[in-house]
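Welcome to my notebook. I am looking up a few things in this structure, one entry at a time.

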Amino acid sequence: MKLRSFIALTLVMLATLIVIGCSRPPTAVEPTQLATESGETLRSLAAKQDMFIGSAVRPRALSDEPLYREVLAREFNIVMAEHVMKFAPLHPEREVYEFRDSDTTVEFAKEHDMQVIGHVLTWFHALPRWLREGDFTREELMGILREHINTVVGRYRGQIYAWDVVNEPLEADGALRETLWYKGIGPEYIDLALRWTKQADPDTLLYINDYGEGLNSKSDSFYNLAKSLVERGTPLDAVGFQAHIGFLSAKDAAEVAENMKRYADLGLEVFITEMDVPITMFKGTREEQLAAQAQMYEDFLNVCIEAPNCDTFLMWGFTDRHSWLTGFTGGKSPLIFDEAYHPKPAYHAMMAELKQHVGSGAE
Ligand code: XIL
């Protein structure tokens, strides 16, 4: 090749490389930057001790962001829909069900050999207008709830590890929350929903879920509710502790450990279901805030690992790019990966915590 054509070709190649380099989205991260040197992940370390470690998911991010999919599948072995399995999105009109987004979530999990938690069958929030504004008799409301449970739980029968059957059944003071279901059916809506879910999928685990999981009057009420359900023979396998630290939930991991113990005596599992920790709850420089956040994640994970009745730990998202707190309370940077999917100190603290237990053979 003549020198001149060689130089021309080299220039064209260089220009092409520069154009490719510049056209990348600004927050893109090379996947190679993400892998830990050892190749270990939260998922691989959790699996070694028969634990489920997971995150809430958003179908839009799943479909639009390759890195969201990549990190989710690599780091977690269980997922829960953040919004799309709630009553309103699933059942927007009395005769209409909309399963597309929840199907996407369940299919993604299946493809990547992950478990799914169903969230949620009864809650005071995310109810469709036809239900909120309808004037239904007790019998009609029972019929609506039973039909909803049969349809939704039936559709995913055999594919859901556990169902959150009753979400946030209590008010802040520990009284039963006066939800649409409570007002229309009575307190027995809780027993009925659990029984109907069991009938629709006998092999899924059933749990009730709330916040306030330290030692206080609300957590006593939650315990008493679970105890009375067990004593009545209502099907119940677990309770969920949301762990929205710094917003609604306990901040003291030792109290949470103490609270977990009494559920073991009832024969119930405890799941950590929605952990997040905004750094804005801590004082100091950003580095100090990130370190305090890491410690909080590590402490709560430690509580779960150490307890004989906790093997399921989920966070309310995994990347600061997608968190409900940002819009809702303004809480900043609450998750374990930053907005560009780089692991934060909290991620490394959780890895270290899991490694320590694999190393010591504690299971
Ligand atoms: C929140 C979601 O994150 C939001 O996207 C949604 O709009 C409102 O609900 N406790 C729960 C979750 O059980 O379902 C809530 O999720 C957060 C508090």
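Why is the disulfide of Cys304 and Cys310 left-handed? I looked up the torsion about the S-S bond of Cys304 and Cys310, and it is about -90 degrees, so the disulfide is left-handed.

**How I read the model.** I keep in mind that this is a predicted model, where local features need pLDDT of at least 70, side-chain atom pairs count only at pLDDT 80 or more, and totals for chains, interfaces and linings use all residues. I number residues from 1 along each chain as its sequence is written, and my side-chain values use heavy atoms, with hydrogens and water left out.

**The disulfide.** I took a disulfide to be a pair of cysteine sulfur atoms within 2.5 Å. By this rule I count one disulfide. The bond links Cys304 with Cys310, at 2.1 Å from S to S. I then checked burial (buried means under 20% relative accessible area, with a 1.4 Å probe and protein chains only). Cys304 is buried, because its relative accessible area is 0%. Cys310 is buried too, with a relative accessible area of 5%.

**The ligand.** Which residues did I find around the ligand? Among them are Glu82, His119, Asn167, Glu168, Gln242, Trp316 and Trp324; I use a reach of within 4 Å between a heavy atom of the residue and the molecule.

I looked next at polar contacts (pairs of N or O atoms within 3.5 Å). Glu82 has a polar side-chain atom 2.5 Å from a ligand oxygen. For Trp316, a polar side-chain atom is 2.9 Å from an oxygen of the ligand. Glu168 places a polar side-chain atom 3.3 Å from a ligand nitrogen.

Conventions
Polar contact = N/O pair within 3.5 Å; in protein donor to acceptor, adjacent residues only side chain to side chain. Buried < 20%, exposed > 50% of the residue type's maximum accessible area, 1.4 Å probe, protein only.
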